[in-house]
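Colleague: I am new to this model. Could you walk me through it, one question at a time?

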Amino acid sequence: MGKHSLVFYKELAAKILFILSASAAIIAVGLICVFLFMQGLPAMWDMGVIRFLTGTDWRPTWNPPAFGILPMIVGSIYVTVGAILFGVPIGIFAAVFMAKFCPAPIYKILKPAINLLAGIPSVVYGYFGMVVLVPFVRQTFGGSGNSILTASILLGMMILPTIITISESAIRAIPGEIYEGAIALGASHENASYRVVLPAAKSGVMASVILGIGRAVGETMAVRMVAGNQAVLRMPHEFLMGTRTLTANVVIELGYAYGNHRAALVATGVVLFIFVMIINALFSLLKKKEGI
Amino acid sequence: MQNFKRKKPSDIILFALTWLSIGITAAVLVLVVGYVLINGIPFIRPSLFAREFTTQNQSLFPALIGTLMIVGLSLILAVPLGVFSAIYLVEYAKRGSRFVAIVRLTTETLAGIPSIVYGLFGFIFFGVFLGWGLSLMSGSFTTSIMILPLIMRTTEESLKSVPDTYREGSFGLGAGRLRTVMRIILPAATPGILAGVILAIGRIIGETAAIIFTLGNVARMPNNLFDTGRTLSAHMYALANEGTHPGEAHATAAVLLIVVILINALSSWIARFIRKES
Amino acid sequence: MLKKVIKSAVVIAMSLLIVGCGGSTSEITTDDSSGISGQIATITREEGSGTRGAFVEIVDVTVDGNDNITMEAVVAPGTSVMMTNVAENPQAIGYASTGVALQDTRVRVLSIDGVMPTMENMLNGTYAIQRPFIIGYITDEGLTPLAQDFVDFIFSAQGQAVVAERGYVPFIPEGAPEYTPSGLTGVIVVNGSSSVYSLMQHLSTAYRELNSDVTIDVHGAGTGHGITAARDGLADIAMSSRDFRESELEFLSPLTIAIDGIAVIVHPSNDIDGLTLDQVRNIFLGEVSQWENIR
């Protein structure tokens, strides 16, 4: 009896430890929500939620100050859409290459190379963007070079590995018979890969795109070095002008901010957080629907 | 390839686009890595690794040690939590339980939160609310939350890949659940967990936004847990902002990249090891 | 599906053009005969930066007392981003501390109202855009003996020599007393302006060469942050790149350690030698947007 109960208590203690550990993620998300919202929402409320979200003037040091983050919301959307335009087509084609076209010796080099692309710190990307991409865009397209376009290209580069890696494994997960069946029916290698296998892997590819969007929206350090950071509401055709993203707004000014200004920056963080939550929700919805 | 004659124009276009895309991807890598290394390596000199930072040497050594400390502390916090949660999810929890659904949802949420939001949260909660200020504690707690989902996910994957025959065999021999998990399953899953840990290390090393608001960015080694310091990425950020030492900034970028390359090499080596085992 | 593919093809072809040529950074040469022309690319520091605050105040880029630098100006977070932007863009105009700008050969420093920001011109006050570098401590509490020793060092011949070496104007240009190490030990925390940060780091390095048992933590979190930190007891010394406000003087005692000019900088290919203070003001207000309207 005594020995039995010792094992029993050991098992019980372990189980409780494991459950507590599993709760850590829940606690963390809870704390993040509570503390961000506690600091950000009252400030947003005081400023007027509508005025904060739709205001086009960001003049934190003025007397009286103006805190309108619409230019930053729109800026974040522009650079994210831009990143998708650049990163997604290239990423998907490259993923098909990795899964269906790549000769084995090249794969051995490319696979770690793409992993490396994912591991390069964003400060390094930002630095590269500032000294290489910005002058390039200025000389090719005009403008100051610090622009929505530049940020889009840089972000497109940064989301490439996410898209390639996840799409590649989605494509690989499609049973070989599907491809072979298409070939047997007379399809060419390209046709079978792109019109049969790729559509079959649609949901996994979509998942990679959504994760890429998440990375692009949240990117901070690189964007702030190339986007120009003007808190001005832009129209889509002004893609050669600069913009400021939500993330850049926080990282540029948090060091200086106190009082209402700091609260407004935390509120900016809250808006960013909600943005990401929406993207995550889309992702889970997709997963549920497609049963990935 | 064998039926090249039957190729239609659309096939040729697709073929060209595929190679083009992978060419662009490779070009991006070569451009970024090449640019950083070519510009940085000539500036790497012994003084960059001097024990103490001075304005003359701009030594990255304190930042390197700071990075090791942050990485070590975050792993101490996140690895047990992540591994235990994964054990619960895979070995204990009933399928379809509400608790599991919530854990998964929150884990995915954590994985998607941008680092600047982690920085804000760490600053508000650990720094201000708990009064830890800019310190190793604030920094490592913040980064450990960041890497928790990564460790959980990779551990889950590797636990799942342990064949059920292991479990059945162990239970059959009369071992309890805990003993089975600790003695049989966990050892079999270790290489996979290790791969996840190395990915997590890479993520911490590359992190800047969350670090500068929690660990701070002071050019010296932390003396204790509640002391401030900087990591290599934060050091790079500081050098790139000040602009008074462009050569050292280049060199630091190169060193940072070399560290990342080494970590990547290590992780693919482990991945290869796993494949050989299975 | 094929339509989608072809659409993507166009996008990819475009991006190839862009990414593929990304490596070339050849310089645009401005037309020598007619001089600089076209859109002015105004580059400013971020809101809250001490350099921006002082620049706006002295050049009076204000409307109703509020900072009114054109919203179209590229915001360069950090001195280095500013320098790189100006160094790379032939159309650019920006501003930076003379301590940095005069030592960076990638940019050209303009004269203001015909006066260059040389050490001499800042000392005799003819260069208009200059500001003090100030350190402050809590009046009621005074300085700790160790912090006092560090301050003594800053105002010594050795300390002021460091100031001059870095391209700033020493507060005591000549005849500062010699400093002798005191043998004290401990920690000094300094926080504040990111503009003073670089100089303070050089001062602390020089001080620690003489007092190896002293640790000095220099944080460059911004002027406002530094003052709050000092008030909350988190810093011994606050750094500021502007004069203290009246509300701050109620609890802070200021000491000016150096004078720093703010240089107006352009790309080396720009053929303009100087601007008037008024021209600078109009450019940064966004009222003049073309280089040809300057000459």
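Modeller: One definition to begin: two strands pair if DSSP finds at least two bridges between them. Helices (H or I, at least four residues) and strands (E, at least two) are DSSP runs, numbered from the N terminus. This is a predicted model: local features need pLDDT of at least 70, side-chain atom pairs count only at pLDDT 80 or more, and totals for chains, interfaces and linings use all residues. Residues are numbered from 1 along each chain as its sequence is written, while chains are lettered from A and ligands numbered from 1 in the order in which they are written.

Colleague: Which residue of strand 13 of chain C stands opposite I134(C)?

Modeller: Strand 8 of chain C and strand 13 of chain C run antiparallel, joined by 9 bridges. I134(C) takes part in this facing arrangement, and the residue opposite in strand 13 of chain C is T256(C).

Colleague: Which residue of strand 12 of chain C is the bridge partner of I135(C)?

Modeller: Strand 8 of chain C also pairs with strand 12 (residues 237-240) of chain C, in the antiparallel sense, over 3 bridges. In strand 12 of chain C, the partner of I135(C) is M239(C).

Colleague: How many of the 9 residues of strand 8 of chain C are buried?

Modeller: A residue is buried if 20 or more other C-beta atoms lie within 10 Å of its own, exposed if 12 or fewer, and partly exposed in between; C-beta atoms are placed from the backbone. Strand 8 covers residues 130-138 of chain C, and the rest of the structure largely encloses it, because its buried residues number 8.

Colleague: How many helices and strands are there in chain C, and what percentage of its residues is buried?

Modeller: Chain C has 11 helices and 14 strands. Of its 295 residues, the buried part is 50%.

Colleague: What share of the contacts in chain C with a separation of 6 or more comes from residues 24 or more positions apart?

Modeller: Two residues are in contact if their C-beta atoms, placed from the backbone, lie within 7 Å. Counting contacts in chain C with a separation of 6 or more, the share from residues 24 or more positions apart is 75%.

Colleague: How far apart are the end C-alpha atoms of helix 8 of chain C?

Modeller: Helix 8 holds 17 residues, 194-210. Of these, 13 are buried, so the helix is mostly covered, by the buried cut-off. The expected span is 1.5 Å times one less than the number of residues.

Colleague: Where does D271(C) lie, and which residues does it touch?

Modeller: D271(C) is in the loop between strand 13 (252-266) and strand 14 (274-275) of chain C. It counts as partly exposed because it has 14 C-beta neighbours inside 10 Å. P90(C) is 181 residues away along the chain, yet the two C-alpha atoms are separated by 10 Å. Leaving out residues up to four places away in sequence, D271(C) touches G35(C) and I36(C).

Colleague: What is phi of D60(C), and what is phi of D113(C)?

Modeller: D60(C) lies in the loop between helix 2 (50-59) and strand 2 (62-63) of chain C, and D113(C) in the loop between strand 7 (111-112) and helix 5 (119-123) of chain C. D60(C) is partly exposed because 16 other C-beta atoms lie within 10 Å; for D113(C), also partly exposed, the number is 15. Neither is a glycine, but phi is positive: near 60 degrees for D60(C) and about 50 degrees for D113(C).

Colleague: Which residue of chain A is joined to P64(A) by a cis peptide bond?

Modeller: P64(A) sits in the loop between strand 1 (58-59) and strand 2 (66-67) of chain A. Omega of the cis bond is about -5 degrees, and the residue joined to P64(A) is N63(A).

Colleague: Which helix of chain B gives the largest share of the side that touches chain A?

Modeller: In this contact, 68 residues of chain B meet 68 residues of chain A. The largest share of chain B's side is 15 residues, from helix 1 of chain B.

Colleague: Which helix of chain A gives the most to the side that touches chain C?

Modeller: The contact takes 38 residues from chain A and 36 residues from chain C. With 9 residues, the top contributor on chain A's side is helix 5 of chain A.
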